[in-house]
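Have the sequence and the picture open side by side as you read.

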Amino acid sequence: MIREINVRIPHPSIKKLLSYATSIDKVDNVYAKYIQSPNQQLFGFVREGIIIGCIGVAIDHNSCEIKHIAVSPIERGNGIGRKMIQYLIEKYTFTSIIAETDIEAVEFYRKFGFKITSLGEKYPGVERFLCEFK
């Protein structure tokens, strides 16, 4: 089950999940943006009362940018990330969904059907990719 997360103080499992998608030092600021910004939303994938995945998005009219997506390490490879993106597609009528990622996540997006474009080396020694789904 996927549900919107909008409580002021994040559950420790949310903080842990977000730390996989950003640095642990940035988690509190990242979470605060989801709670305070009207165009950003955070969703959790809940199984047996435990949040095992999360996806954070910025919504602009009919488009969506995936800002963060994370799944508990022991649940990776079980289709949780795919189900969270599918939820967005079914809940909203986006004309496009984009994400920026590194080489480690490119195959995840490619398998889903995203078009992948290299953005080059945005940071020293780190190639970034634009992933777009229409």
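Is Lys-67 buried, partly exposed or exposed? Lys-67 counts as partly exposed, because its relative accessibility is 38%. Here buried means under 20% relative accessible area, exposed means over 50%, and partly exposed is in between (1.4 Å probe, protein chains only).

A quick word on the ground rules. This is a predicted model, where local features need pLDDT of at least 70 and side-chain atom pairs count only at pLDDT 80 or more, while totals for chains, interfaces and linings use all residues. Residues are numbered from 1 along each chain as its sequence is written, and side-chain values use heavy atoms, with hydrogens and water left out.

## Salt bridges

Lys-67 has a partner: its side chain meets that of Glu-65 in a salt bridge (3.8 Å, N to O). The term stands for a side-chain nitrogen of Lys or Arg within 4 Å of a carboxyl oxygen of Asp or Glu. Glu-65 is partly exposed too, at 28% relative accessible area. The structure holds seven salt bridges.

Another one joins Asp-28 and Lys-15 (3.0 Å, N to O). Asp-28 sits in helix H2 and Lys-15 in helix H1, so this pair ties together parts 13 residues apart in sequence. Helices (H or I, at least four residues) and strands (E, at least two) are DSSP runs, numbered from the N terminus. Then there's Arg-47 with Glu-75 (2.7 Å, N to O). Arg-47 belongs to strand S2 (residues 40-47) and Glu-75 to the loop between S4 and H3, so the pair ties together parts 28 residues apart in sequence. Arg-47 is partly exposed at 32%, whereas Glu-75 is buried at 14%. Finally, Glu-100, Lys-122 and Arg-128 are linked in a network of salt bridges.

## The largest pocket

How much space lies in the largest pocket? About 1,100 Å³. On a 1 Å grid over the protein atoms alone, a pocket is an open set of points where a 1.4 Å probe fits, with protein on both sides within 12 Å along at least five of seven lines; lining residues have an atom within 4 Å of a point. The volume is the space filled by probe spheres set on the points, which are joined across faces, edges and corners.

The lining has 38 residues, and Ala-21, His-68, Ile-69, Thr-101 and Tyr-109 lie nearest the centre.

## Aromatic rings

Tyr-109 turns up again here. Its ring and that of Phe-114 have centres 5.0 Å apart and planes at 75°, so they are edge-to-face. Rings of Phe, Tyr and Trp (its six-membered ring) pair if their centres lie within 6.5 Å; planes under 30 degrees apart count as stacked, over 60 as edge-to-face and the rest as tilted. Tyr-109 is buried at 3%, and Phe-114 is buried at 4%. Ring pairs also link Phe-108, Tyr-109, Phe-112, Phe-114 and Phe-133 into a cluster.

## Cysteines without a bond

How many disulfides are there? The count is zero, going by the rule of two cysteine sulfur atoms within 2.5 Å. The sulfur of Cys-131 is 13 Å from the closest cysteine sulfur, in Cys-64, which is too far for a bond. Cys-64 is buried at 2%, and Cys-131 is buried at 0%.
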